[in-house]
Amino acid sequence: PESAVEKKERLVSTAKAAEQNKDVKQGSKPKNIKYGLNHITDLIESKKAKLVVIAHDVDPIELVVWLPALCRKMDVPYCVVKGKARLGQLVYKRTATALALTEVNKEDVAKLDQLVQNFRTMFNEASSDRRKWGGGVMGCKAQHVIKLR
C-alpha cells in the first residue's frame, strides 16, 4: 500500500486541482499488497490472488494452518516465509500473518511468474512434506486373525 507521505501528496495534488476548478482525473487502480486473513481468504476462494505469502511464526498457529490446504485446493501458489514482522513492514504495520499479491506492474510480471513457478514446486506440489498416516502394515494380532480366516 502507499505510505502516509505518498497518500498525503496524492490528496494534496487532487485538492489543489479541484480548488482551481480543473478536471480532476481519477488515477489508475493502485497495485497494492492485500493483507488480513479474511480478505486473503476471499481472494483465494475467488482465485484473484496470484501469490499468497504466509508467516511461519503466527501465534496461535491455528489462524493460518488451514491456508496451505485452501491454496492447494484452489490452485493458488503460496509460500511460507520467516517472520511476521517482515510481512508487516511491507504493509506499514507492526506484523502481518499473511499477504496476497493480486496485480503487479507489467515490468514485474516475468519475475512474479518465476517466483510462482518456484513456489509451486517447493510448496504446492511437494507431497513428501505432507504427513501420511499409516503405513499399511497391520499389527501382529490382526495379521494372525487374517491368517486364520
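Which residues does Leu67 touch, not counting residues up to four places away in sequence? The answer is Leu37, Ile44, Ile54 and Ala98, where touching, or contact, means heavy atoms within 4.5 Å. The structure is a predicted model, in which local features need pLDDT of at least 70 and side-chain atom pairs count only at pLDDT 80 or more, while totals for chains, interfaces and linings use all residues. Residues are numbered from 1 along each chain as its sequence is written, and side-chain values use heavy atoms, with hydrogens and water left out.

Leu67 lies in helix α3. Helices (H or I, at least four residues) and strands (E, at least two) are DSSP runs, numbered from the N terminus. With a relative accessible area of 0%, Leu67 is buried; the word buried means under 20% relative accessible area, exposed means over 50%, and partly exposed lies in between (1.4 Å probe, protein chains only). Along the chain, Leu67 and Ile54 are 13 residues apart, and their C-alpha atoms are separated by 8.2 Å.

The sheet comes next. Strands of a sheet pair through backbone hydrogen bonds, either parallel or antiparallel. Here four strands form an open sheet with mixed pairing, in the order β1-β4-β2-β3; two strands pair if DSSP finds at least two bridges between them. Strands β1 (33-35) and β3 (78-81) are at the edges with a single partner strand each, so one side of each has no neighbour in the sheet. From one strand to the next, the twist averages 25 degrees.

Strands β2 (residues 51-55) and β4 (residues 98-101) run antiparallel and are joined by four bridges. Val53 has Leu99 as its bridge partner in β4, and Val52 has Ala100. Three bridges join β1 to β4, and these strands also run antiparallel; Ile33 has Leu101 as its bridge partner in β4.

Helix α5 (residues 109-124) packs on the sheet and touches β2, β3 and β4. The direction of α5 makes about 80 degrees with that of β3, where axes are lines fitted to C-alpha atoms, for helices over the stretch in contact, and angles run from 0 to 180 degrees between N-to-C directions.

In soluble globular proteins, nonpolar side chains tend to be buried together. A nonpolar core is a set of buried Ala, Val, Leu, Ile, Met, Phe, Trp, Tyr and Cys residues joined through side-chain atoms within 4.5 Å. The largest one here has 29 residues, of which Ile44, Ala49, Val52, Leu67 and Val76 touch the most other members. At least two residues of this core come from each of α2, β2, α3 (67-74), β3, β4 and α5, and β2 supplies the largest share, five residues. Val76 is in contact with Ile44, Ala49, Val52, Cys71 and Asn124, leaving aside neighbours within four places in sequence.

Thr41, in helix α2 (residues 37-45), is buried too, with a relative accessible area of 13%. Not counting residues up to four places away in sequence, Thr41 touches Trp66 and Leu70.

There is one salt bridge in the structure, a salt bridge being a side-chain nitrogen of Lys or Arg within 4 Å of a carboxyl oxygen of Asp or Glu. It joins the side chains of Arg120 and Asp75 (2.9 Å, N to O). These residues are 45 apart and link distant parts of the chain, Arg120 being in helix α5 and Asp75 in the loop between α3 and β3. Arg120 counts as partly exposed, at 21% relative accessibility.
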